[in-house]
Amino acid sequence: MEGIMLLEDAFAKCGKGKDFFGGDTIGYLDIILGGYLGWLRATEKMTNLKILDATKTPGLFGWAHRIGSNAAVKDVTPKTEKVVELAKTFAAIARAQ
């Protein structure tokens, strides 16, 4: 959670109250970090741990919703259930080795 809190602070500083890290529109940092949202949501689901929380990380929580609902992003973001399946497959392969 320490890392997420640092990212929350970075969002506040970089975003300067705007919707995304780079301001009003999706930028490079949003694209890079947005690529991890599928894994983050899968981790939340598998561990029952809320990483992005409206109370503890309101900036990132809102950012994740905005970037995830953006027309350019929502159709290419993997569904959480598919990422969970993939994570379970990876875990099974690792255990078998």
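**Notes on loops, helices and an aromatic cluster**

1. Let's start with Lys16, a residue of the loop between H1 and H2. (Helices are DSSP runs of H or I with at least four residues, strands are runs of E with at least two, and both are numbered from the N terminus.) This is a predicted model, where local features need pLDDT of at least 70 and side-chain atom pairs count only at pLDDT 80 or more, while totals for chains, interfaces and linings use all residues. Residues are numbered from 1 along each chain as its sequence is written, and side-chain values use heavy atoms, with hydrogens and water left out.

2. Most residues other than glycine have a negative phi. Lys16 counts as exposed because its relative accessibility is 68%; the cut-offs are under 20% relative accessible area for buried, over 50% for exposed and in between for partly exposed (1.4 Å probe, protein chains only).

3. You will find Asn48 in the loop between helix H3 (37–47) and H4. With 75% relative accessibility, Asn48 counts as exposed.

4. Leaving aside residues up to four places away in sequence, Met46 touches Val84, Ala87 and Lys88 (contact means heavy atoms within 4.5 Å). Met46 and Thr57 are eleven residues apart along the chain, and 20 Å separates their C-alpha atoms.

5. Helix H6 holds Leu86. Leu86 is partly exposed because its relative accessible area is 37%.

6. How many aromatic pairs are there? The count is three, where rings of Phe, Tyr and Trp (its six-membered ring) pair if their centres lie within 6.5 Å, and planes under 30 degrees apart are stacked, over 60 edge-to-face and the rest tilted. One of these pairs joins Phe11 and Phe21 edge-to-face, at 4.9 Å from centre to centre and with 80° between the planes. Phe11 sits in helix H1 (residues 2–15) and Phe21 in the loop between H1 and helix H2 (28–34), so this pair links distant parts of the chain, ten residues apart. Phe11 and Phe21 are both buried.

7. Phe21 lies in the loop between H1 and H2, while Trp63 is in helix H4 (residues 58–69), so the pair ties together parts 42 residues apart in sequence. Trp63 is buried, and so is Phe21. Phe11, Phe21 and Trp63 together form one aromatic cluster.

8. Finally, the annotation. In the unreviewed UniProt entry, "domain: GST C-terminal" covers residues 1–90; positions follow the numbering used here, feature names are shortened, and annotations may be inferred rather than shown by experiment. In the model, this span of residues 1–90 is 66% helix and 0% strand. Its end C-alpha atoms lie 24 Å apart.
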